[in-house]
Amino acid sequence: MTMDLAVLSNQHLSLVALGQLSEARARHVLGAICYVAAPLTESAAPRIDAPLIRVLMPPLAEMKSAPSGQADTMAAAAAADPVCDVWFSGSALEPGQRGDIRYRHDGSTLFGVIELAESAPEAGSTSTPLQHTTERAYRQIFELLEALEYPYLFRLWNYMADINGQSHGLERYRQFNQGRQKAFIACRRDVVGNVPAACALGAVSGPLTIAFLAGRQSPLAIENPRQISAFAYPDHYGPRSPTFARASLVRLGSEAVLFVSGTASIVGHRTVHPGDVQAQTRETLTNIETIVQVANQQVAKPLFSLRNLLYRVYVRHSTDLAAIRDVMQERMGPQFNAVFLQADVCRHDLLVEMEASASLPA
Ligand code: 3EB
C-alpha cells in the first residue's frame with residue numbers, strides 16, 4: 001500500500017482515531033501532542049509507538065443548541081473528546097530516546113517530546129524552579145539536536161501549569177522566558193532574528209511539557225511588520241525577552257511548510273482590545289494574514305491563505321467559544337479547520353491566541 005503522505009504534515013485526530021490508525025500509517029507518525037480534559041487511564045492511552053505527550057488542556061465543543069427560548073449567549077462550551085495534533089512523515093522513521101527526550105526522525109525531520117517535573121536548582125542558585133527546569137529541558141533539546149545533527153529548530157510547543165501565576169516575585173511565564181533564553185545563550189544559539197516559531201500556554205496542571213520539530217534544512221524566520229518582534233519586546237514584559245519568531249518557513253523537498261507561532265491581539269508590543277474577545281479574534285486573524293503575506297512573498301506566489309491553514313485556538317474562557325468561532329467564520333467562511341482548547345494565555349489581558357500550520361506543494 002502506498003502512503004500518499006507529504007514530506008511533513010499534520011492533522012487533528014481524536015485520541016481514539018490515533019489509536020486506530022492502520023499499522024502502515026502509524027509507522028509514519030513522527031509524534032503527537034494530545035490535549036485532554038483529564039489524565040488518561042492506562043487503558044485509554046493509544047498503543048502507538050511514537051513520541052506522544054498529553055497536555056491537560058480541555059478541548060472544547062459547542063453545545064448543539066441553546067435551550068429553546070433562551071438567548072444565544074446561553075450556548076456554552078462543553079468538553080470534547082481528547083484531540084491530538086499528529087505529525088506525519090512521508091519517509092521511514094527511526095525511534096530513539098536520550099535523557100528525558102523521546103523522539104522519532106526520518107533523516108530530514110525530527111520530532112521530540114520532553115516532560116520535566118519542576119525541581120529546584122542546587123542551593124545557592126538564584127533560579128526559580130520553573131526557570132531552572134526550563135533551562136534543563138532546553139539544554140537537553142540542544143544537546144540532542146547537536147548529537148543527532150539536526151541543527152535547525154523549526155517549531156516548539158511549550159506547556160506549563162499556572163502560566164499566569166506569581167512566585168518568587170515574578171510571573172511564571174517570565175520565569176520560563178528567563179530559563180529559555182539562558183539555555184539558548186549557553187548553547188550558542190541566536191536569541192534574536194534567527195529563532196524558531198513557538199507557543200507558550202498554560203495547562204490546568206502537570207509538568208513542564210515541550211514538543212519540538214527540528215531538521216537539517218535551515219528554516220526562514222518570519223516576523224510580522226504589525227508587531228515588534230517578541231525577542232525585542234521592552235523590559236516591562238519581563239527581565240528576559242521571549243525567544244521566538246512570529247513564524248518559520250521551511251522548504252522540504254517539493255513542499256513549503258509554514259509554522260505560524262502563537263498569535264494574539266498584539267499590535268506593536270501592546271495588547272489591543274482588552275475585554276473584547278471578538279475584536280481580539282479579528283486582530284489576531286489580521287496578524288496571521290500579515291504573516292501569511294510575508295510567507296507568500298518568500299515563496300513568490302500566493303500559496304498560503306487564511307483558509308488553507310490548520311488552526312489550534314486557545315480560548316481563555318470556554319464561554320467565549322461561540323463568539324470566537326463566529327468571527328473566524330465571518331472572516332473565512334464555514335470551511336476552516338480548527339480545534340479549540342481551553343488554556344491560559346501568557347498575558348492576563350489576552351482572551352484568545354491562535355497558532356497555525358500548513359504544508360503545501362510549492
Ligand atoms: C505574544 O505574541 C503572545 O513565549 O513562546 C506567542 C507565541 C506568545 C509564543 C512564547 C508567546 C510565545 O507575545 C504570546
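1. Cysteine 34 counts as buried, because its relative accessibility is 0%, where buried means under 20% relative accessible area, exposed over 50% and partly exposed in between, with a 1.4 Å probe and protein chains only. Cysteine 84 likewise counts as buried at 0% relative accessibility. Please keep in mind that this is a predicted model, in which local features need pLDDT of at least 70 and side-chain atom pairs count only at pLDDT 80 or more, while totals for chains, interfaces and linings use all residues. Residues are numbered from 1 along each chain as its sequence is written, and side-chain values use heavy atoms, with hydrogens and water left out.

2. The structure holds one disulfide, a term used here for a pair of cysteine sulfur atoms within 2.5 Å. This disulfide joins cysteine 34 to cysteine 84, with an S to S distance of 2.4 Å, and the link is right-handed, with 110 degrees about the S-S bond. Cysteine 34 lies in strand E2 (residues 29-36) and cysteine 84 in strand E6 (residues 83-89), so the pair ties together parts that are 50 residues apart in sequence. Strands (E, at least two residues) and helices (H or I, at least four) are DSSP runs numbered from the N terminus.

3. Two further cysteines deserve a remark. Cysteine 187 is partly exposed, with a relative accessible area of 21%. Cysteine 199 is in no disulfide, and the nearest cysteine sulfur, which belongs to cysteine 346, is 9.8 Å away; at 4% relative accessibility, cysteine 199 counts as buried.

4. Which residues come nearest to the ligand? Of the 13 residues around the ligand, they are Tyr173, Arg180, Tyr233, Arg246 and Cys346, a residue being near if one of its heavy atoms lies within 4 Å. A polar side-chain atom of tyrosine 173 lies 2.5 Å from an oxygen atom of the ligand, an N or O atom in the side chain of arginine 180 is 2.7 Å from a ligand oxygen atom, and for a polar side-chain atom of tyrosine 233 the distance to an oxygen atom of the ligand is 2.6 Å. The protein covers 99% of the 360 Å² of accessible area that the ligand has on its own, as computed by the Shrake-Rupley method with a 1.4 Å probe.

5. As for the shell around the ligand, the elements that give two or more residues to it are helix H4 (172-186) and strand E13 (197-203), and E13 gives the most, with three residues. By class, the shell has nine nonpolar, one polar and three charged residues, where Ala, Val, Leu, Ile, Met, Phe, Trp, Tyr, Cys and Pro count as nonpolar, Asp, Glu, Lys and Arg as charged, and the others, Gly among them, as polar.

6. The count of aromatic pairs comes to 11, with rings of Phe, Tyr and Trp (its six-membered ring) paired if their centres lie within 6.5 Å, and with planes under 30 degrees apart called stacked, over 60 edge-to-face and the rest tilted. The rings of tyrosine 233 and tyrosine 237 have their centres 5.4 Å apart and their planes at 45 degrees, so this pair is tilted. Tyrosine 233 counts as buried at 10% relative accessibility, and tyrosine 237 is buried too, with a relative accessible area of 18%. One aromatic cluster is formed by Tyr138, Phe142, Tyr173, Phe176 and Phe184.

Key. Polar contact = N/O pair within 3.5 Å; in protein donor to acceptor, adjacent residues only side chain to side chain.
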